[in-house]
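Dear colleague,

Please find below the structure I promised to hand over, with its sequence. My notes on what was found in it follow directly after.

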Amino acid sequence: MTLLREPDHGTPASSSEHMVCIEVDGVAVTVPAGTSVMRAASEAGLAVPKLCATDSLQPFGSCRLCLVEIDGKKGTPASCTTPVEPGMVVHTQTPRVERLRRNVMELYISDHPLDCLTCPANGDCELQDMAGVVGLREVRYGFAGENHLDAPTDSSNPYFDFDESKCIACSRCVRACDEIQGTLALTIVGRGFESKVSAGGTNFMDSECVSCGACVQACPTATLSEKSVIELGVPTRSVLTTCAYCGVGCSFKAELRGDELVRMVPHKDGGANEGHSCVKGRFAWGYATHPDRVVAPMIRDAITDPWQEVSWEQAIGHAAQRLREIQNTHGVDSIGGITSSRCTNEEVFVVQKMVRAAFGNNNVDTCARVCHSPTGYGLKQTFGTSAGTQDFKSVAQADVIVVIGANPTDAHPVFASRMKKRLRVGARLIVIDPRRIDLVRSPHIEAEHHLQLLPGTNVAVVNAMAHTIVDEGLVDTAFVAERCDAELYREWEEFIRRPENSPEATEQFSGVPAAEIRSAARIYAAGPNSAIYYGLGVTEHSQGSTMVMAMANLAMATGNIGREGVGINPLRGQNNVQGSCDMGSFPHEFTGYRHVSDTVVREQFESLWGTVLQSDPGLRIPNMFDAAVSGEFKALFVQGEDVAQSDPNIHHVLAALESLELLIVQDLFLNETAKYAHVFLPGTSFLEKDGTFTNAERRINRVRPVMKSKIGMQEWQVACDLSTALGYPMHYDSAAEIMDEIAALTPTFSGVSFALLDQVGSVQWPCNPEHPLGTPIMHIDRFVRGDGAFQLTPYVPTDERSTRRFPLLLTTGRILSQYNVGAQTRRTANVAWHEEDVLDIHESDAELRGIADGSWVTLASRVGETALRAHISDRVPPGVVYTTFHYPVTGANVVTTDLSDWATNCPEYKVTAVEVSPNLHGPAESVSGRSDTEAEATVSR
Amino acid sequence: MLIETLVQMADQIARNNAALPPERAAARIARHLTLFWTHAMIDELQSYAAGNPDELDATVVAALQHLGADSLG
């Protein structure tokens, strides 16, 4: 594809249903009321010159380039700020406005460097374009007067420069930061000639800028330019693809110059992001070409041996032979596989097919096990399907937003920007979280209630909200009567009314005042549109599944399900968590969440796959590790997941990995898990993949190859080859063919094909003959399961309690610039913002222990200890400490336990009893058995 | 697998279904085990329950009886 330039109509579209007819330059135009004259003209193909206007921002009317004449109106109004009126007659090209525009442009150019031929934006500059459009031929004022041509360039940000000498003070960057990103890091300081853009009086790096790139994208000149464009030149072609970081699943234009990727620009037509991005997706893609990439297969007999580089045939043949030998010795169920939420649907599908058909068992699980498996369980029990209920756009209709156990501004930043936009215009906000996340109080946003509960008491608090709703007669009885199972509701109502579920009882152990819980419940029930958004702070608990069901109960009881602005919305951690679950990665389910014991379903798979499949569930990831330690499980294939860093109780995980006779790792890098591997199969980055990702709103997006595969093939071909070597031939000509098989076997995907996605961009499943273009909102007229099923959700305290020995509770999470175990982001310039994990500790806890800000501390739990620097912070309450898990050298999961959710075995990462003590030795002597593994990996190669 | 792990998992499932009447709790636990546990895991727990019924939550024992009284001996 040549360089994709999306149309820019200058001002946002109007959503009015009332249409207005006007005439522009003799052309009749019909547009929704509220549309600007500029947009109406543009939609009719009559572009009006502009500089300060762009259709992602509200009209501003500062550049005076878009002046027009309108019959019956005095003067020359700015077309961007003038709404259409019925019968309006507009003239965009008259001698008067043409002269005015030239005069305006003359002033701009008189204070602008005349270095177009050497400017990095040459050919991609709106100022340059507009100078041509208005016919500027001379600058009568000369260039010797007072100007800004010597203004400095701020190069502090690792990804873009701010060249102040080229700024025309159009405020597009400032408005993008305000309106799109919602950070308000930029402003215009000074007046008149002294007006200039400022990052809050400091440089960009030291400012509150979050490097989302919205300002760079909005800039009509070379003032804000990607360093990659400055270095490599303006790109010449585009490939549309999907980001591989979080579960928002942003669409991007990968812009290349020849075969070299120059920049990633968010796609305006992307359903998930609509033209916005975050620092990871926009800029942190350099890991794909990092020298640490391993692109040749390797094998070794023992994990103490050095790796031997071998051919693909040798590696596949060796792996297959060893797998079969192990099965012959230890039984068919002694091996299994783990799929990755970072891989495409097609790659995940072939791996689970390989396990079920070639391994001959159901021992396949996915890394969603350790994040959102309770979402699948809880929503299936209550609503009938394992997915979120809304699209992201829905938040724009929410009147009350409840954020539980999620930190969207760090972990799902592009969705957070949508949410903040709604909050800034008045939606009410309730945050339920042990930490004071940014959303609690940020520019123009303040939570009405922050229920700062003690980690592990989620269920009690949400039950107490439900108790209030029932107790105070706030139930939407009509919704419940029409949409829900009456008997289950009656039973639930009796349960939730019990005194132990009251806010007053809950207050004793949750730490949340009863009055606050009652008030929050009233706000949620009053809506009228109340939406719950949640993250791993809900799921990664011993009652993760109970909590998901408790939230679903709350939504059903108040009728907040089945329309825009409401719903239960999981914010998925990784790019393809939803997809990996959809693709049959769980040991008990085929694609589309159908149980392996369902004979009718299983026979469909058996018929198409030509083999007999097991009807019993297989092992989950924690079961695999337990079985490995006890000697029953002997071989594991791990696709794109670093279990040795990401899974809890690392000592137990390492014991399991060490006990395996064969560990096959497929990844981009020699990660922590690869240290225990016998076969390493290189994988592909998202920039090389051809396939689809499914995001948190069930949106299936195309992932298209931007660069040639560095391993010489698509990643799914590796699993096909291994399966074939195992005696179960698996062959596809393309990823599209795999999707065709998925569609043939999966009712919710039956309408999905690459051809459809290429045509319409994306669809949200279910996509089938009933919903040929997908389903943005689920459960509109009825729940997937029929009647909504209220579930009893007793609060059962976790076994993980603070004690005299371990008196603090540790909870973990992500930071904006880093992603999960950091395998990708640590190999980018994002380390400039976060070069190590630190431990947030409240001042009172620190003082009690003699801990100073920035000093090394030992973090110890009953299963292990590690060392990191303390960061004294009032974001955590006394008694709670917090850290991230982005660096292997810190090894935060050395201390987390193997307690897990009762229904799904999702680990309880969010509650670990710990003690923190001063550490005079630093990390080397106190991190239990861990070291700088990247350095070791390099040596071992 | 370690029997301690299986017992802990089963008891945890029981505690989270304790709001149901015992018979329905047992039925639900039995269904949960069938849906999500491997046969080998269920067999191990059944064997253990046969010899150590007092070591398990009573509803778990009842659930295992639902699944196959014969194998409990």
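In chain A, helices α9 and α26 are roughly perpendicular to each other, a label given to angles of 65 to 115 degrees. Their axes, α9 covering residues 345-359 and α26 residues 735-745, come within 9 Å and cross at roughly 65 degrees, the axes being lines fitted to C-alpha atoms over the stretch in contact, with angles running from 0 to 180 degrees between N-to-C directions. The crossing of α9(A) past α26(A) is left-handed, meaning that the near helix is turned anticlockwise from the far one by less than a right angle. On the α9(A) side A:Asn345, A:Glu346, A:Phe349 and A:Val350 take part, and they meet A:Ala735, A:Ile738, A:Met739 and A:Ile742 of α26(A), where contact requires C-beta atoms, placed from the backbone, within 7 Å. These residues divide into 6 nonpolar, 1 polar and 1 charged.

Please keep in mind that this is a predicted model, in which local features need pLDDT of at least 70 and side-chain atom pairs count only at pLDDT 80 or more, while totals for chains, interfaces and linings use all residues. Residues are numbered from 1 along each chain as its sequence is written, and chains are lettered from A and ligands numbered from 1 in the order in which they are written.

As for the whole chain, 29 helices and 37 strands are assigned in chain A, as DSSP runs of H or I over at least four residues and of E over at least two, numbered from the N terminus. The C-alpha trace of chain A spans about 90 × 70 × 65 Å along its principal axes.

Best regards

Definitions and conventions. Angles under 35 degrees count as roughly parallel, over 145 as roughly antiparallel, 65 to 115 as roughly perpendicular and the rest as oblique. Two residues are in contact if their C-beta atoms, placed from the backbone, lie within 7 Å. Ala, Val, Leu, Ile, Met, Phe, Trp, Tyr, Cys and Pro count as nonpolar, Asp, Glu, Lys and Arg as charged, and the others, Gly among them, as polar.
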